[in-house]
Every structure is written in C-alpha cells, then in structure tokens.
Amino acid sequence: MEGATQARGRMPDFFIAGHQKCGTTALYLMLNEHPQIFMPEFKEPRFFAPELRPPLARETRDRPQKLESYLALFADATADQRAGEASPQYLRSPTAAAQIAELQPDARMIVILREPADFLRSFHQQMVASHEEREKDLRSAIEAEPSRRANAGDSFLPPQLLYSDHVRYAEQLRRLHASFAPEQVLVLIYDDFRADNEGTVRQVLRFLDVDDTVALEPVRTRPLKAVRSMWLHRLRRAVRRADYNPAQASPFARVLSKLVPKRVRRGPLSKAYRSVAYAPPQPPDRQFMLELRRRYRDEVVAIGEYLGRDLVALWGYDKLD
C-alpha cells in the first residue's frame, strides 16, 4: 500500500486532526506561512472521514473522494517541506486514525481540546451559520439529541449534530493512540493556545521538526454573529453559490445573483442586510452552561487523568457545586 501511494503522489507528514472551534483554523493559517511547511489551499478535505461527509456529497477540489485527487492537494510540496493538512473531523471519526496510519504510519497528529460546554456553544453557532443546524437555541438543539439519534438511520441528519459525540475526549485520544505512538501525537489545550499563541505555535514547530525561530504572525479568528433571520441567512448563501457555481444553485438564486451585482451587495445594501439578518453574539445561558458542565464533568475528569493534567481545576469544574 505504501509503495502504491508513493507512486501516485505524496501523503501528508502531519495532520491537524481536531477539534473544530478550538483554534484549528488559526493554527492552519499560521503554519501555512512557514517556509518549511506546505499546506494545501483548502482546509478540511476530510478525506479520511467519509462517514462524516454530507449525504450524497460529490467530489470537488476541496472535498476529494479518490486517493489520487487527495494526493494531488500536496503535489506542490517540495522535498524539504513538511506537508500537512487540517481536518478537525478526524478526531471524532471512528475510522480516520487507522486509515491514516495504514497509508502514513509515521504521520504526526495535532489535537486541540477545549472546555466541553464552551466548545459546544461555539460549535452550535458554527452549525447554525453553516445551515446544518436549524435550531438556533443551544438548549433545544442538545435536548433534541436523543430523538435525533433514534431517527438517524432514517434521515439525512448530519452526524455532527449529535453533540455529545464531540466531547468524548478520552475515547477519541485512546483511538488515536491505538494507531500512533505517543511521540507522534501532540495534544494542546485551547486555553494555552489563546493565552500564549506564539509559545504554543513554537511547540508545534518543534513537534514537526522545523525551525521554531521563524516569526509567524498571530492569527485571531473573529467570533460568529448570531443569526437573527434564518431565511435571510440561507438566501445569502444561496446567492453566493449562484455567483460561483450557477449549475448547483436554484433558479431564484441565479436570477437574484444577476439582478443584484456583487458591487451593489458589498455596498450600503450589505450593511442594511447584515443589520437585519445578524445580531451580536448573545451571551451564554449561564444556567444551561452550568448544566452542561455538570453533565460532562466525568468526561473532563477522564481526559484530565488520561493526559496527566488537572483540567478539572483549569476549566472550573471544581467549582460546580
């Protein structure tokens, strides 16, 4: 298998394997600036997690489904560069680690973990923004999980909407370590990345055996705004799809794309639209966040013991009662 892979193209040397909403985009962007590192233009190809792809998904440049197409993403990497990719879905996938290890047993895996309740709140906002979650209220979305799980086999429910599956941190790391030696896995904590961006990135560079003295510009991703009008939010995405891929857009979106040019949409009309469609992020529901922390306390204890770090204290789980 390895020889066949090398004949077809180059496999990545490392993977940013998870989690979403934990700084993986910022890390991807910063590593992409390092001269000894090559990362493809597209983040999240998700090649090794086919079970987490949307139903009926087609192969595209940024979502390859064939090995040759996937390896083509790294064709421009030079021999003296470390090639890598960032698909934070791999940590949650039950099969990704084993598939990667089969093709690239020497791969290095980077994982970032975030306090569960805060992570789920941010992830839910992302799911709403990407049109995968219709329930804008976090409590309602999580309380719907049992019925969603019961009906998952009879619907096109995206598996990422089963929220508790995301925060099984200890189980996920055990699965990763079953395929890779401890020295091949770097586990970072989101709080450390936020508090010391530069120091954490240098730790990653040393892990990848590249020059850790290269100055990299810190990247801060902007928080998502709350969706005020789901209809307008979906309309905006439909029109953007019509701009770049008319064949996959609805007739209405194609007409609107032609009638309202981009230059008009980017002017005063854009500001008016955003003021109606979006609102500043809502403060968290403190009572529900407390409920979530109590629900996932055992998970935090388990991952803390697994990593040998007091995450109970770091994340405030020692002050729940």
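A: We may begin with a backbone angle: directly after helix H10, Asp209 adopts a positive phi of about 60 degrees. Helices (H or I, at least four residues) and strands (E, at least two) are DSSP runs, numbered from the N terminus. This is a predicted model, in which local features need pLDDT of at least 70, side-chain atom pairs count only at pLDDT 80 or more, and totals for chains, interfaces and linings use all residues. Residues are numbered from 1 along each chain as its sequence is written, and side-chain values use heavy atoms, with hydrogens and water left out.

Q: Which residues have a positive phi although they are not glycine, and where are they found?

A: Most residues other than glycine have a negative phi, and most peptide bonds are trans. Asp209 is not a glycine, yet its phi is positive at about 60 degrees; it lies in the loop between H10 and E6. Lys21, also not a glycine, has a positive phi of about 55 degrees and is found in the loop between E1 and H2. The loop between strand E1 (14-18) and H2 also holds His19, and the peptide bond from Gly18 to His19 is cis, with omega near -10 degrees.

Q: Is Asp209 buried or exposed?

A: Buried means under 20% relative accessible area, exposed over 50%, and partly exposed in between (1.4 Å probe, protein chains only). Asp209 has a relative accessible area of 51% and is therefore exposed. Lys21 has a relative accessibility of 25%, so it counts as partly exposed. For the protein chain of 321 residues, buried residues make up 46%.

Q: Which residues of H10 are buried, and what covers them?

A: In helix H10 (residues 197-207), the buried residues are Asn197, Thr200, Val201, Arg202, Val204, Leu205 and Phe207. Their cover includes helix H2 (24-31), strand E2 (37-38), strand E4 (108-113), strand E5 (185-189) and helix H9 (190-195). Such cover is judged by contact, meaning heavy atoms within 4.5 Å.

Q: How is the packing of H2 and H10 described?

A: Two packed helices are described by the angle between their axes and the distance between the axes. Axes are lines fitted to C-alpha atoms, for helices over the stretch in contact, and angles run from 0 to 180 degrees between N-to-C directions. The axes of H2 and H10 cross at roughly 65 degrees and come within 11 Å. Their crossing is right-handed; a crossing is right-handed if the near helix is turned clockwise from the far one by less than a right angle, and left-handed if anticlockwise. Leu27, Met30 and Leu31 of H2 make the contact with Asn197, Val201, Val204 and Leu205 of H10. By class, this contact has six nonpolar, one polar and no charged residues. Here Ala, Val, Leu, Ile, Met, Phe, Trp, Tyr, Cys and Pro count as nonpolar, Asp, Glu, Lys and Arg as charged, and the others, Gly among them, as polar.

Q: At what angle do H4 and H8 pack?

A: Helix H4 (residues 96-103) packs against helix H8 (residues 169-179) at an angle of about 15 degrees, and the axes are 9 Å apart. H4 is therefore roughly parallel to H8. Angles under 35 degrees count as roughly parallel, over 145 as roughly antiparallel, 65 to 115 as roughly perpendicular and the rest as oblique. H4 passes H8 in a right-handed crossing. Ala97, Ala98 and Ala101 of H4 meet Arg175, Leu176 and Ser179 of H8. The residues of this contact divide into four nonpolar, one polar and one charged.

Q: What does Pro218 touch?

A: Pro218 lies in the loop between H10 and strand E6 (226-227). Not counting residues up to four places away in sequence, Pro218 touches Met30 and Asn197. Pro218 and Ala26 are 192 residues apart in sequence, and their C-alpha atoms are 7.9 Å apart in space.

Q: Is Glu145 buried or exposed?

A: Glu145 counts as buried because its relative accessibility is 8%. Glu145 lies in helix H7 (residues 145-151), and its side chain makes a polar contact with the side chain of Ser164 (2.4 Å). A polar contact is a pair of N or O atoms within 3.5 Å; within protein, one must be able to donate a hydrogen and the other to accept it, and residues adjacent in sequence count only if both atoms are side-chain atoms.
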